[in-house]
Amino acid sequence: MSTVCVVDDNPELLDLVGAFLVNDGFDARLFPTGEDFLAGLMAIDPDLVVLDLMLPGLDGFEVLRQVRARSSVPVIILTARGDDGDYCRGLALGADDYVAKPFKPHLLMARIKALLRRVDYDRPESDTGQPVFLGNVGFDPARNQFVVEGKPLGLTAQERRLLSFFLEHPGEALSRDRLLEAVWGFEEGRITQTRAVDEANRRLRKKLLAAGATAYNRTVRGVGYEFSDGR
């Protein structure tokens, strides 16, 4: 049974979403404040978090920052309808998806299930089942880990999906729209701002270079990013 934490200061919404989660077979943990949620995060070790950005006390952005400092758990943020700035900022901070308020519970449930499915397949495909590598960077299916020089690379769920997609398309210039569609699950052109893609690539590249990677995601001016070996 997957555990889903919901963080929102609206008690009616908490009860409604909690009821839908339980009805669909999830273990629902409900929190009215970010402080309450963070206090129990490591003990609960949830499979997914639904996080409202407009929280009293610690707002959702600060909660998300602290979550990403501790965990790679997938996060869906709840934003005000039409507020492009909020969801782009949330994605840049490491959120995996967003749902605009007000929303229908069935839509949120569909997003939760889709994100959990994507997390289950955050590994590059190999016809032989053998490790997939470019330079000294790759995925070891036996350990279910991305590695640099054989050493595990600590990545968030979003970063795992991004690196997996890069390893499946080595040396190919990939546009931001294509990455948004493949990694974040958004339709091409749905988000015109690119801060989320750029920030995710910045974080991934920083981790790769710090680990001594010879292959990493390079910026292709006017296009997007290319994953190639610099040796």
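Two strands count as paired here if DSSP finds at least two bridges between them. With that in hand, take strand 8 and strand 9 in this predicted model: they run antiparallel and two bridges join them, with valine 147 sitting opposite proline 152 of strand 9. Zooming out, the protein chain has eight helices and 12 strands. Of its 231 residues, 48% count as buried. If you look at contacts between residues at least 6 apart in sequence, 58% of them join residues at least 24 apart.

**Helix 2 and what covers it**

- Helix 2 spans residues 34-44, and its buried residues are Gly34, Phe37, Leu38, Gly40, Leu41 and Ile44.

**Strands 3 and 4**

- Strand 3 pairs with strand 4 in the parallel sense, over four bridges.
- In that pairing, valine 50 stands opposite isoleucine 76 of strand 4.
- Strand 4 (residues 75-80) is largely enclosed by the rest of the structure, because five of its six residues are buried.

**The 6-7-8-9 sheet**

- Four strands make an open, antiparallel sheet, in the order 6-7-8-9.
- Its edge strands are strand 6 (132-134) and strand 9 (151-152), each of which pairs on one side only.
- Asparagine 144 belongs to the loop between strand 7 (137-140) and strand 8, and counts as partly exposed because its relative accessibility is 32%.
- Glutamate 149 belongs to the loop between strand 8 and strand 9, and its 55% relative accessibility puts it in the exposed class.

- Three strands make another open sheet with antiparallel pairing, in the order 10-12-11.
- Strand 10 (174-175) and strand 11 (215-220) each have a single partner strand, so one side of each is left without a neighbour in the sheet.
- Strand 10 is joined to strand 12 (residues 224-229) by two bridges, the two running antiparallel, and leucine 174 stands opposite tyrosine 225 in strand 12.
- Helix 6 (residues 157-168) packs on this sheet and touches strand 10, strand 11 and strand 12.
- The direction of helix 6 makes about 65° with that of strand 12.

- Searching the whole structure turns up three aromatic pairs.
- One of them, phenylalanine 166 with phenylalanine 227, is stacked, at 5.6 Å centre to centre and 15° between the planes.
- This pair links distant parts of the chain, since phenylalanine 166 is in helix 6 and phenylalanine 227 is in strand 12, 61 residues apart.

**Nonpolar cores**

- The largest nonpolar core has 49 residues, and Phe37, Leu163 and Leu179 touch the most other members.
- Where does this core lie relative to domain 1 (3-122) and domain 2 (132-229)? Both domains give residues to it, so the core lies between them.
- Leaving aside neighbours within four places in sequence, leucine 163 is in contact with Val137, Phe146, Leu153, Leu155, Leu204 and Phe227.
- Another core lies apart from the largest one and has 18 residues, among them Val4, Leu14, Leu21 and Leu115.

**A cis peptide bond**

- Lysine 101 and proline 102 are joined by a cis peptide bond, with omega at about -10°.
- Proline 102 sits in the loop between strand 5 (97-101) and helix 5 (105-120).

Methods:
Residues numbered from 1 in each chain as written. Predicted model: local features only at pLDDT ≥ 70, side-chain atom pairs only at ≥ 80, totals over all residues. Heavy atoms only, no water. Buried < 20%, exposed > 50% of the residue type's maximum accessible area, 1.4 Å probe, protein only. Contact = heavy atoms within 4.5 Å. Axes fitted to C-alpha atoms, helices over the stretch in contact; angles between N-to-C directions. Core = buried A, V, L, I, M, F, W, Y, C linked by side-chain atoms within 4.5 Å. Domains from an automatic or database assignment. Phe/Tyr/Trp six-rings, centres within 6.5 Å; stacked < 30°, edge-to-face > 60°.
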